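Subject: Two-chain model, handover and notes

Hello,

Here is the structure for your files. My notes come after it.

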Amino acid sequence: MLLQILISGLVIGSIYGLIALGYSLIYRSSGLMSFMQGDLLTVGAFLGYTFYGVMHIPFFISLILVIVIVFMIGFGVEKGVISILVKKGVLPIYTILATIAISYILQNGSMLIFGSDMKGYPQIFKIPYITIFGRSFQTEAILCIGASLLLMLVFSFFMNHTSIGTSMRASAMDPMAARACGIDVGLATGLSWAISAGIAAFAGMLIGPVYGVYTTLGAVIGRKGFSSAVIGGFGNMTGAIVGGLLLGVIETLLSAYISSAYKDMIAYALLLVFLFVKPTGLFNERAIAD
Amino acid sequence: MKKTMKKTLGPVIGAALALALPFILRNGFDWNYGVQLACFFLLYAIAVSGLDILFGYAGQISLGHAAFFAIGAYGSVMLHQYANIPVFFSMIIAAAFATVVGAALAYPASKLVFHFLSLATIAFGEVVYQFVSQSPGSITGNFTGMFTQTVSLFGYKLNSFTKYYYFALAAAVILLVIKRNMIKSRVGRALIAIRENSHAAEGMGVNVRKYKIIAFAVSAFYTAYAGALYAHLVRYISPDTFAYKQSVMFMTMLLFGGTASIAGPMSGVLAVQALNECLRSAETYQMLIYGILLLTVIVVMPGGISGVVRDVAARIRYRKSGAAAAGDKKEEVDDHADN
């Protein structure tokens, strides 16, 4: 029983973590916040359902297609809206509200296109269940956890040890100095929004088979993703995933052993507590204290 | 002489129109629903004006004002139902309670910078929303909601929209006058100083934390009182009204109208309300159209409606004064005005 709860906590937790990873990436490379990650997840899940479930394109090809499309959406939003606003020098609230407006458009748009009923994914793997310690688990659930851990390592390395990652961090810290060093700041920030969008779409493809796809799938996950990001330390890649996994496990344990009524409240309560008491998060990321 | 007459004429016409509005709508157009909409306009104007004190003047963002709206509404309804306090007083007690909650939230939140303040307020809004939708012992009626009664002023029941309109109008006038006076006082100047540069304000001897707490508390009172007005106008409340979407709606109304003014929040409420009524028939597209419009407003006119009006007025004034000062150099002036 406990093992089962832990696994299902880790599944949803890894999704929170992936969304939080996107937030951290955007924050580290542009100092902004995006409120549309959750709805990009929904869009990714719906597109995945369309390609894989309806058009019967092989799973890994549809996965790549979905990631590329949503990657483009992310890039387009940054270039078409966010960078224009930043150039105008508006208050940060306007960029936040712009992403909220886009999230409304994405949510309502996907409802109009795909309908408001819940869609079930066909199964991805030939072997539907994996047996661990005598208990069987949905293969997709295990994939979900594995993939998010892998992405965490990849992006941690990417941000801290590659030249693109370094140029992204530089353009957030001091855009003018970065430009003087020959870094294409516009490309770096655009890329970070695009990659975050791609991660969200990937998360959508992972969670779709486990939870089913519906229009408000991403909205709640998106808001809880903030909680994971802050728990881990906003801007920290490892922290994002660890915070997500932790939140997922706490939430599932709480609803299994105490009461499911407070399942949603705990995420936001933790967010408040961390912001007020330890804003640097578990991994002591200094981002908040600017 | 002419100027003073011009100055007093506007408010007098406005006041006369505000007083006669229910009769015009009900008797002139036979449109009782319009009177109800006017009540909604007044209570939203109060709520958004409250948000304006916090965001427009003090520069502190809140994406969780639906929580104060909920505290006002649920507080008043529950005080009336469980403690039998007359509705008029329960509204004030609930709003006062929200003020205390707002101050308690602002105390730790005052050190957070922009983005993270918005996260904290979202989290606060969600906690309150979750509480009212799944309360212990179902004291808030959970998802079924709660029914309640209208305001009764010492035995006189406000049992029509017209009567309720005057009640809400009185509240709106009092609260807006308080807002205007507060902004022109020491407190208002401190808030604006914090908005412009909190470090400089601190250096000038402004107690930043104290004034941020004041801004949060006053703002909470306004929005909570509007929530109480909402509850007893509709006479039914359910958690759906107090979700995250409502907080975004308040912020949209404020930005749509324009911040840091008396007229801004009102024009924003009017515009968004008109929009909502137009979109009522196109329910499935509502969020989509809403999102597109919001995005357009943010990108094209970040000053909101009152910002556009100000710009146009300034331009006209500039042209007039330019034309008067240098009659034959008009073309040159035109060039400047275009820049």
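The notes below take the model first, then each chain, the contact between them, and some local details.

This is a predicted model, in which local features need pLDDT of at least 70, side-chain atom pairs count only at pLDDT 80 or more, and totals for chains, interfaces and linings use all residues. Residues are numbered from 1 along each chain as its sequence is written, while chains are lettered from A and ligands numbered from 1 in the order in which they are written.

Chain A

Chain A holds eleven helices and two strands; helices (H or I, at least four residues) and strands (E, at least two) are DSSP runs, numbered from the N terminus. Read from the N terminus, the order is α-α-α-α-β-β-α-α-α-α-α-α-α. Its radius of gyration is 19 Å, close to the 19 Å given by the globule rule for 290 residues, so chain A is as compact as a globular protein of that length. That radius is taken over C-alpha atoms, and the rule is 2.2 Å times the number of residues to the power 0.38. The C-alpha atoms of chain A fill a box of roughly 60 × 45 × 35 Å along the principal axes. Of the 290 residues in chain A, 55% are buried. Buried requires 20 or more other C-beta atoms within 10 Å of a residue's own, exposed means 12 or fewer, and partly exposed lies in between, with C-beta atoms placed from the backbone.

Chain B

Chain B has 14 helices and four strands. For its 339 residues the globule rule gives 20 Å and the radius of gyration is 22 Å, which is close, so chain B is as compact as a globular protein of that length. Its C-alpha box is roughly 80 × 55 × 45 Å, taken along the principal axes. Buried residues account for 44% of chain B.

Contact between the chains

The contact takes 35 residues from chain A and 32 residues from chain B; two residues are in contact if their C-beta atoms, placed from the backbone, lie within 7 Å. On the chain B side, α5 (114–133), α10 (244–257) and α12 (286–300) are the elements that give two or more residues. The largest share, 13 residues, comes from α5(B). By type, the chain B side divides into 25 nonpolar, six polar and one charged. Here Ala, Val, Leu, Ile, Met, Phe, Trp, Tyr, Cys and Pro count as nonpolar, Asp, Glu, Lys and Arg as charged, and the others, Gly among them, as polar.

Helix α10(B)

α10(B) has 14 residues and reaches 20 Å from its first C-alpha to its last, close to the 20 Å expected at 1.5 Å a residue; the expected span is 1.5 Å times one less than the number of residues. Twelve of the 14 residues of α10(B) are buried, including Phe250(B), Met253(B) and Phe256(B). Just after this helix, Gly258(B) takes a positive phi of about 120°.

Positive phi outside glycine

Asn84(B) has phi near 60° and sits in the loop between α3 (65–83) and α4 of chain B. Asn84(B) is exposed, with 8 other C-beta atoms within 10 Å. Arg235(B) has phi near 65° and is found in the loop between α9 and β4 (236–237) of chain B. Arg235(B) is also exposed, with 12 other C-beta atoms within 10 Å.

Regards
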